[in-house]
Amino acid sequence: MAAPMELFCWAGGWGLPSVDPDCLAVLTYARFTGAPLKVHRVTSPWRSPSGHLPALRTRDEGTISKPQQIITHLRKQGWDLAHPVGSNRAFAPQKYNADYDLSATQSADTLAFVSLLEEKLLPVLIHTFWVDAKNYVEHTRKWYAETIPFPLNFFLPNAMHKRHLERLQLIWGDDYMEDEEKLEKELYREARECLTLLSQRLGSQKFFFGDSPASLDALVFSRLAPLLKAKLPNGKLQQHLKSLQNLCNYCTSILSLYFPWDRGDPLTDAPRAAGTDGSEAEEDPHKRRKQLLSVLVGLVAMLGYAFLSGIVSIQRGGVGPAGRQPVTLEEEEEEEEE
């Protein structure tokens, strides 16, 4: 039997199998469809073959890093595995396609809600976790700094913070810098309306299109679950979500049905063996070597940054009668402003 595809994603926390929405969307879709994946929950994107998370290492198409492209690849595997070359088995294109049974109207609804989530909800989620100063310092940065291995935890959270700021400015445009407070108020209002609309569309159903999950459910869950489970000191949008009981029950139900054993802090979870039936692996045969390599690369990066920024400098003493003076390092301590 061919080796399973390997998925690299951020580790779990906050009672979730992964704290990253994109990783959570791919994990959830794979669980919905039963796609055979060997999952590596990692604590640094440097342990991904692409340097990004999520990342899917495939047998025939290399490494795929964009969430939607990963899901599309999983759908293709349903076709390929159902009818391999030289096989007379029945053709079953629905194998890893969660949307196979959707009607044309439901498919159109899926596109509409995906667009709504990306335009109205995603930017506010980025702001909630990565821009809101209180949430970022006391929750988001704290979690990543404690989870990412030393010495990468000194600069990776800040690099991720900068990347999310740039992403948000790209979404919101130049108006964001002109009247930030007014724009935030308007966008949070639209995000609350988006949650209310999702609640009304879901109603009393188990999933958005009935009793079976679809790709829309994977996306909605991946956006709502982190907001619901995170312990945010400033939970403006979180409080509105918690007031919509059917959405809260929806997230809890998916966690119970599809992730009953792999929630919580990755640092305390027991490792599980890998398999080809969708089971997940948290052990890496080259784990120790990769950890040492990460430490060495991180130290080199930190020293390089220190020298280039002038934090650390090398001064050579002159040669006098007493002979050559030893090379000394001068360190400057910078005070952080609260």
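The legends below walk through several close-up views of a predicted model. Residues are numbered from 1 along each chain as its sequence is written, and side-chain values use heavy atoms, with hydrogens and water left out. Because the model is predicted, local features need pLDDT of at least 70 and side-chain atom pairs count only at pLDDT 80 or more, while totals for chains, interfaces and linings use all residues.

**View 1. Helix α8 has a kink centred on phenylalanine 221.** Helices (H or I, at least four residues) and strands (E, at least two) are DSSP runs, numbered from the N terminus. Helix α8 covers residues 215–229, and its end C-alpha atoms are 21 Å apart, which agrees with the 21 Å that its 15 residues should span at 1.5 Å a residue. (The expected span is 1.5 Å times one less than the number of residues.) The kink is about 25 degrees; a bend is the angle between axes fitted to the seven residues ending at a residue and the seven starting there. In α8, 14 of the 15 residues are buried, where buried means under 20% relative accessible area, exposed over 50%, and partly exposed in between (1.4 Å probe, protein chains only).

**View 2. Leucine 125 and leucine 227 have their C-alpha atoms 7.7 Å apart.** Along the chain, these two leucines are separated by 102 residues. Leucine 125 belongs to helix α3 (residues 104–131), and its relative accessibility of 7% means that it counts as buried.

**View 3. Phenylalanine 32 and tyrosine 258 form an edge-to-face pair.** How many aromatic pairs does the structure hold? There are 13. Rings of Phe, Tyr and Trp (its six-membered ring) pair if their centres lie within 6.5 Å; planes under 30 degrees apart count as stacked, over 60 as edge-to-face and the rest as tilted. Here the ring centres are 4.8 Å apart and the planes stand at 75 degrees, so this pair is edge-to-face. Phenylalanine 32 lies in helix α1 (residues 21–33) and tyrosine 258 in helix α10 (residues 245–258), so the pair ties together parts that are 226 residues apart in sequence. Phenylalanine 32 is buried, at 13% relative accessible area.

**View 4. Ring pairs link seven aromatic residues, Trp10, Trp14, Phe129, Trp130, Tyr136, Trp143 and Tyr144, into a cluster.** Tryptophan 143 and tyrosine 144 pair edge-to-face, at 4.9 Å centre to centre with 85 degrees between the planes. Both of these residues are buried. Tryptophan 14 sits in the loop between β1 (5–10) and α1 and is buried too, with a relative accessible area of 16%. Its phi is positive, about 60 degrees, although tryptophan 14 is not a glycine. Most residues other than glycine have a negative phi.

**View 5. Lysine 236 lies over the face of tyrosine 188.** The distance to the ring centre is 4.2 Å. A charge sits over a ring if NZ of Lys or CZ of Arg is within 6 Å of the ring centre and within 35 degrees of the ring normal. Both residues also line the largest cavity, together with Thr128, Asp132, Asn135, Asn234, Gly235 and Leu237.

**View 6. Two prolines follow cis peptide bonds.** Most peptide bonds are trans. The bond joining leucine 53 and proline 54 is cis, with omega about 0 degrees, and proline 54 is in the loop between β2 (37–42) and β3 (55–57). From phenylalanine 150 to proline 151 the bond is also cis, with omega near 5 degrees. Proline 151 is in the loop between α4 (133–147) and α5 (156–172).

Notes
1 Å grid on protein atoms, 1.4 Å probe; cavity = no way out; pocket = protein on both sides within 12 Å on 5 of 7 lines; lining within 4 Å.
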